Amino acid sequence: NTDASVNNIMVDGTSVVDGEVVDLQAETTSVNVDVETADPDATVEVTGDQDLQVGENTLSIVVTAADGVTSIEYVITLNVARDDDTSLSMFQVNGEDVTDGSVLELPPFTSSVDVFVETTDENATFEVTGDTGLTTGDNELTLTVTAADGVTTETYTVILTVLPNTDTSADISINGQAVVDGDLLVFDYGTENVDVAVDTTDPEATFEISGDTGLSVGDNEVSIVVTAADGVTYETTTVTVSILPNTDTSLSLLQINGQDVSAGDEITVDPNSSSVDVYVETTDPEASYEVFGDTDLSVGSNDIVITVTAADQETTEDFTVSVIVPLNTDTSLSVLQVNGIDAVDGDTIELDPLTTDVTVDVTTTDPDATFEVSGDTGLV
């Protein structure tokens, strides 16, 4: 028989004819070919049904008639579709599994991440963007997978949140002296302001200073509040600045009986003065003073001492002024009686005949004055 015709050709169970194009699914590597020859004694040789590649593959079916000479080739085109698989078998960021829409928190200052991708189809390709140049806050990392067909794509997006820094550490100094929370600094009287320098470890951190001006005597609280870059975390450093009280014991005015005097001066007052008026004004109104020796004066030199105690309640200074009380020159009499009759200098008193003496009563105006009476006896 010279008949090399066929009744039916089936590829994977579907009838085909010579010259037909058969579309196959992606990843198809072989097909089953069944051939029914018109003459059952004819022979069939099939090639191209194995090791199929993406795209067009030629399936050749050669039917040789029973005579062993006559043959006919039937050609079928097998078109293996390219894979449109864009799925992933693994997607990791910094070693952590992620999926589309994941939100991944990263430590402060993270500027880049390591991205590891494995596509389910090894022939698919991918491109990663947004894995570098990260800034504080939300950053979008995009993974675009292109399927082996070169057309189908899928985008996977991961939000990379770089956390703000919570670092509130700082180097703090007051008037050039390094301080930490709870420190005590002592400054001289008259210090009204201090210079507070703050150097935060994180340049994005902010700080606020209070209590560094308008200082007064005693303890003053200087507060430094450092707020981290996250705007929430903060730390307060409190330093006590103690301003010493004034040690000024000087006088702006010193008067005795209305006369300006200074320490070491000597002033003479009226005889018989038993006290003096002392007026004191301290240079520092917070200073106090005491006056000693301004009463119970005696004839001669009397020390008037003004002891000034500074506002610190420790520093003292004495100011001494000598007050001279002279002896009295008063020779006047407050009482002069002769035989009970009041008399003054120059008076003439008539006495009874034969009177030979009189009684003289004398009281000096100055009790310290002395007197002597003569001519009160042997009268003629």
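1. Aspartate 12 is found in the loop between strand 1 (6–11) and strand 2 (14–16), where strands, like helices, are DSSP runs numbered from the N terminus (E, at least two residues, for strands; H or I, at least four residues, for helices). Phi of aspartate 12 is near 50°, a positive value in a residue other than glycine. Most residues other than glycine have a negative phi. Aspartate 12 is partly exposed, with a relative accessible area of 41%, on a scale in which buried means under 20%, exposed over 50% and partly exposed in between (1.4 Å probe, protein chains only).

2. On the basis of the note: this is a predicted model, in which local features need pLDDT of at least 70 and side-chain atom pairs count only at pLDDT 80 or more, whereas totals for chains, interfaces and linings use all residues. Residues are numbered from 1 along each chain as its sequence is written, and side-chain values use heavy atoms, with hydrogens and water left out.

3. Glutamine 313 also has a positive phi, of about 65°, although it is not a glycine. Glutamine 313 lies in the loop between strand 27 (300–309) and strand 28 (316–325), and with a relative accessible area of 57% glutamine 313 is exposed.

4. Aspartate 39 belongs to the loop between strand 4 (33–37) and strand 5 (43–47). Is aspartate 39 buried or exposed? Its relative accessible area is 6%, so aspartate 39 counts as buried. Once neighbours within four places in sequence are left aside, aspartate 39 is in contact (heavy atoms within 4.5 Å) with Asn1, Asp3 and Ala66.

5. The loop between strand 10 (103–106) and strand 11 contains proline 107. Proline 107 and proline 164 are 57 residues apart along the chain, and their C-alpha atoms are separated by 8.0 Å. Proline 107 touches Val162 and Leu163, when residues up to four places away in sequence are not counted.

6. A further open sheet consists of four strands in the order 17-21-20-19, and its pairing is mixed. Its edge strands are strand 17 (184–187) and strand 19 (206–210), each of which pairs on one side only. Neighbouring strands of this sheet are turned by 20° against each other on average, direction ignored; axes here are lines fitted to C-alpha atoms, for helices over the stretch in contact, and angles run from 0 to 180 degrees between N-to-C directions. Strand 19 and strand 20 (residues 218–227) run antiparallel and are joined by five bridges, with threonine 206 standing opposite threonine 227 in strand 20.

7. Strand 29 (residues 333–338) runs antiparallel to strand 31 (residues 360–364), and five bridges join the two; leucine 333 stands opposite threonine 364 in strand 31. Strand 29 is also joined to strand 30 (residues 341–342), again antiparallel, by two bridges, and aspartate 342 in strand 30 is the bridge partner of glutamine 337. Strand 29 and strand 30 form a hairpin with two residues between them, and asparagine 339 in the turn has a positive phi of about 50°.

8. The largest pocket holds about 400 Å³ of space. Grid points are joined across faces, edges and corners, and a volume is the space filled by probe spheres set on the points. Of the 25 residues that line the largest pocket, Leu336, Val338, Val360, Val373 and Ser374 are the closest to its centre. Strand 29 and strand 31 each supply at least two residues of this lining. By class, the lining has 14 nonpolar, seven polar and four charged residues, where Ala, Val, Leu, Ile, Met, Phe, Trp, Tyr, Cys and Pro count as nonpolar, Asp, Glu, Lys and Arg as charged, and the others, Gly among them, as polar.

Key. Two strands pair if DSSP finds at least two bridges between them. On a 1 Å grid over the protein atoms alone, a cavity is a set of points where a 1.4 Å probe fits but cannot get out, and a pocket is an open set with protein on both sides within 12 Å along at least five of seven lines; lining residues have an atom within 4 Å of a point.
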